[in-house]
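Open the model in your viewer and keep the selection tool at hand. The tour goes stop by stop.

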Amino acid sequence: MPGELIRCPHCGQTNRVPTAAAGKPQCGKCHEPLPWIADADDSTFGEVAEAARIPVIVDLWAPWCGPCRMVSPALERLATDLAGKVKLVKVNVDVSPRLSQRFGAQAIPTLLVLRGGQVTARQTGAAPLAALRSWVNKALATPAP
Ligand SMILES: [Zn+2]
């Protein structure tokens, strides 16, 4: 998987971050953890999200969804602030009908926290950054099932 180019928030080095990896991405220059943001669909979700060793925030979104466009930057900000602690996986429900059905995403955005492939928290609808941050922090503080 090719992955995305991510600029290190600490030293500015550009790194290629794979969409799936056994550990978690670190900057090749300063070794600080890098924000981990990846896209997944029906065929890659197992590898990208369920197999991740760190908690995963799943953003079920669609290009035509206005509230999704408000939530996505807030989630990317959280993924940057929580680099090394969470992975953000974005799923376009329009091209991922199996995931949409599996997670019952009738309303979007639907946000999930996955730990070891299990859904441990769920939030439907847009929310401001502060509310998302406390939702994620609470989900991360809850022991994995
Ligand atoms: Zn760096």
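Four donors count as tetrahedral if all angles lie between 85 and 135 degrees. Donors are N, O and S atoms within 2.8 Å of the metal (3.2 Å for Na, K and Ca), and water is not among the atoms, so sites may look incomplete.

This is a predicted model: local features need pLDDT of at least 70, side-chain atom pairs count only at pLDDT 80 or more, and totals for chains, interfaces and linings use all residues. Residues are numbered from 1 along each chain as its sequence is written, and side-chain values use heavy atoms, without hydrogens and water.

**Zinc site.** Select the zinc ion. The SG atoms of Cys-8, Cys-11, Cys-27 and Cys-30 lie 2.3 Å from it. The angles among these 4 donor atoms run from 104 to 115 degrees, and the site is tetrahedral. Along the sequence, the donor residues follow C-x2-C-x15-C-x2-C.

**His-31.** Select His-31, in the loop between strand S2 (14-17) and S3; strands (E, at least two residues) and helices (H or I, at least four) are DSSP runs, numbered from the N terminus. Its phi is near 65 degrees, a positive value in a residue other than glycine.

Now step to the peptide bond from Ile-108 to Pro-109: it is cis, with omega near 0 degrees. Pro-109 sits in the loop between helix H3 (97-102) and S6.

Conventions: Four donors count as tetrahedral if all angles lie between 85 and 135 degrees; four count as square planar and six as octahedral if opposite donors are over 155 degrees apart and all others between 65 and 115; anything else is irregular.
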